[in-house]
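Thanks for passing this one along. Here are my notes, in numbered points, to read beside the model.

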Amino acid sequence: MTPERFSELVAAYGGSPQRWPESERAAALDFIAANPTLAEVALAPAAELDDLLSRHRVAAPDGALARRIIATAPAALWRRTRRIRQCAGLAGIGLAGALAGVLTVAMLLSLNSAPDDGDAYALTAFGDMQGDVQ
């Protein structure tokens, strides 16, 4: 392990070997044994930060904050789902319109169906091509 990698490891995971990735822990411990002076330069500030972070406590929120969150939760949820419901409604209207159009076209095409005289293959969307068929 290089001194740079050891410094990166300590900066990322702290000074405690238990927090280091297992894949690099053995190499880092070997680095400490082989280079105690270099290791101490990286480990001392990390140990101070680890100690500071371990002593830090977050106070529990007061009851007023919890009541405000609970009081506003249903209104916030309603506002968030309103947009989703509006979009779903518009999508439903669009789908209903498309379905009505498809059904209308299908009915019109069935009313104007070609006569079944055996030459129906000669009819196209461009008109009767009977004269072109040999």
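1. Which residues make the nonpolar surface patch of about 300 Å²? The patch is made by L49, L52 and L53. For patches, residues need over 30% relative accessible area and no salt bridge, with like charges joined within 9 Å and nonpolar side chains (Val, Leu, Ile, Met, Phe, Trp, Tyr) within 5 Å. L52 sits in helix α3, residues 36–55, and counts as partly exposed because its relative accessibility is 49%. Here buried means under 20% relative accessible area, exposed means over 50%, and partly exposed lies in between (1.4 Å probe, protein chains only).

2. A word on the ground rules. This is a predicted model, in which local features need pLDDT of at least 70 and side-chain atom pairs count only at pLDDT 80 or more, while totals for chains, interfaces and linings use all residues. Residues are numbered from 1 along each chain as its sequence is written, and side-chain values use heavy atoms, with hydrogens and water left out.

3. Now the overall layout. The chain has 4 helices and 2 strands, running α-α-α-α-β-β from the N terminus on. These are DSSP runs numbered from the N terminus: helices are H or I with at least four residues, strands are E with at least two. Of the 134 residues, 12% count as buried. The chain exposes about 10,700 Å², and carbon and sulfur atoms supply 64% of that area; accessible areas come from the Shrake-Rupley method with a 1.4 Å probe, and for residues only the protein chains shown count as cover.

4. The largest nonpolar core has 10 residues: F6, L9, V10, W20, A28, F31, A39, A42, L43 and A46. Helices α1 (3–13), α2 and α3 each supply at least two residues of this core, and α3 gives the most, with 4 residues. Such a core is a set of buried Ala, Val, Leu, Ile, Met, Phe, Trp, Tyr and Cys residues joined through side-chain atoms within 4.5 Å. In soluble globular proteins, nonpolar side chains tend to be buried together.

5. A28 is a handy place to look at the packing. Leaving aside neighbours within four places in sequence, A28 is in contact with M1, F6, L9 and W20, where contact means heavy atoms within 4.5 Å. Across the chain, residues 24 or more positions apart account for 39% of the contacts with a separation of 6 or more.

6. What links R5, E8 and E24? They are linked in a network of salt bridges, each bridge being a side-chain nitrogen of Lys or Arg within 4 Å of a carboxyl oxygen of Asp or Glu. The side chains of E24 and R5 meet at 2.6 Å, N to O. This pair links distant parts of the chain, with E24 in helix α2 and R5 in helix α1, 19 residues apart. R5 also bridges to E8 at 3.2 Å, N to O, and these two lie in helix α1, 3 residues apart, about one turn of the helix.

7. E24 counts as buried because its relative accessibility is 19%, whereas R5 is partly exposed at 29% and E8 is partly exposed at 47%. E24 touches M1, R5 and L9, not counting residues up to four places away in sequence.

8. Finally, another of the 4 salt bridges joins the side chains of D51 and R55 (3.2 Å, N to O). D51 and R55 are 4 residues apart in helix α3, so about one helical turn separates them. D51 is partly exposed at 38% relative accessible area, and R55 is exposed at 54%.
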